[in-house]
Amino acid sequence: MKLKRKVLSTVAALGALLAVLSMTSCASVKGKWAEIKTEYALLRQEWDEIREFFGERQWSTEASQYAVIDTQDAEVAPMLGMTPHTELLDSPYNSKDSVAILKAVGDADGGLTLRGSAVSDAERYGYTSVPYFTDYGEDAVLSALASAGISARVKTVDSPAPAGEVFAISYAGISDSEGFYINPSVKVTLYVSGEKVAPVASKGDGLVYLTFDDGPSAKTTLALLDILDTYGVKATFFTLGSAVEKNPDIAKNIIDRGHSIGCHSFTHVYEDIYVSQGALENEVILWEKAVKAAGVDLEGMEKLFRFPGGSVGGKLELDMLDTMMNMLSWHGYTVFDWGVTINDAMLHTAEDGVGSYDHVKESFISSLNQRIKTNKREGGGPIIILMHENVDETVALLPWIIEYLIDEGYTFGDLADYGESWVFERDMK
């Protein structure tokens, strides 16, 4: 209202000035008379538009790149902002809380979201409908968008998803279980996972095997999976049945992301599980029950086992080892100890003045070198590295360990492909 009064006041003053000027024959004023008359004529011509602007506001009929609905009836067809946002695709590698995923997409416009709930017909109005992708390959997604008349750019980044897979999409629109509803005038960005840097193989010399005990852990397991998957490395997780019961979704995620899951007993309580063959067998049966309840199908999978404390670690009496091994073999398990340790479960043994990270690094390098010497002396053997899931130092140093092994020329294998048991100081061929 203040602005309106100001305009009206200015117009009135201009009119008064013109009246005064018309009554004078001053030579200095006459030179401006024609110009003033022109300006006044333009003002009169545009007066209706000025009055309309400062009167009742009208809805714009001009389409913008974000708003495709032009209506005043918000209850029937609400106008959507349709600003670009980044949405994760439905993949076992994705979580909006994943540090690796957040790092991969960077400062995504509008934040990071998951698939939305049901979208009404009114909300879909004006959008281009794109069915939900069934193939996350870059070419397949680009083709699906192109078929719908939507252009897209590709951004290749390091992420846990398999190389060449689209794991996130940034677009202006909405989605539900039926698919995407995209504003075609705003270019889509596809986040595609880059090539993995670690060499992998199922057989051959110079293989190293990464293994993790005592999980799954709600605190650290998903972070470990993200790191492994970003490098393209597969690992074996020797899990506890009690931990699987607490974290069934994480146990299932290990399998869904292509890693191996093994039995490490149900309770890890030495004095209970090693009382007899029957006691350990019951632990295995309970572990299998917990894993199956988590949605993991053990049929057709290589069944792997690791003795808590190791096969000859002092917790299991040596005269019981053959009996235990026979029982596990009868249940279809191959059994694995380890040849290299990072001592992450023994941080308290670090020498005075040595921090926990240096302790892990030094333990790893020393243990790896010792295993290499032993293998040369004994004519070979797998390089199986023992780590623990629930240790923060392990999560922090896993990239360093992987890159150290890459630099040393190692190739990463999966114990599920090894094909036979291997335990301390014994070759169970």
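In this predicted model, helix H10 passes helix H11 in a right-handed crossing. H10 spans residues 277–293 and H11 spans residues 318–330, and their axes come within 10 Å of each other while crossing at roughly 35 degrees. On the H10 side the contact is made by Gln277, Leu280, Glu281 and Val284, and on the H11 side it is made by Met320, Thr323, Met324, Met327 and Leu328.

Helix H12, covering residues 356–378, packs with helix H13, covering residues 392–407, at an angle of about 40 degrees, and the axes of the two lie 11 Å apart. Here, too, the crossing of H12 past H13 is right-handed. From H12, the residues Ser356, Tyr357, Val360, Lys361, Phe364, Ile365 and Leu368 meet Glu393, Ala396, Leu397, Trp400, Ile401, Tyr404 and Leu405 of H13. The residues of this contact divide into 11 nonpolar, two charged and one polar.

These helices can now be placed within the whole protein chain, which has 13 helices together with 15 strands. When contacts are considered between residues at least 6 apart in sequence, 76% of them join residues that are at least 24 apart.

How values were computed
Residues numbered from 1 in each chain as written. Predicted model: local features only at pLDDT ≥ 70, side-chain atom pairs only at ≥ 80, totals over all residues. Heavy atoms only, no water. Axes fitted to C-alpha atoms, helices over the stretch in contact; angles between N-to-C directions. Helix = DSSP H or I, 4+ residues; strand = E, 2+ residues; numbered from the N terminus. Left-handed = near helix turned anticlockwise from the far one by under 90°. Contact = heavy atoms within 4.5 Å. Nonpolar A, V, L, I, M, F, W, Y, C, P; charged D, E, K, R; others polar.
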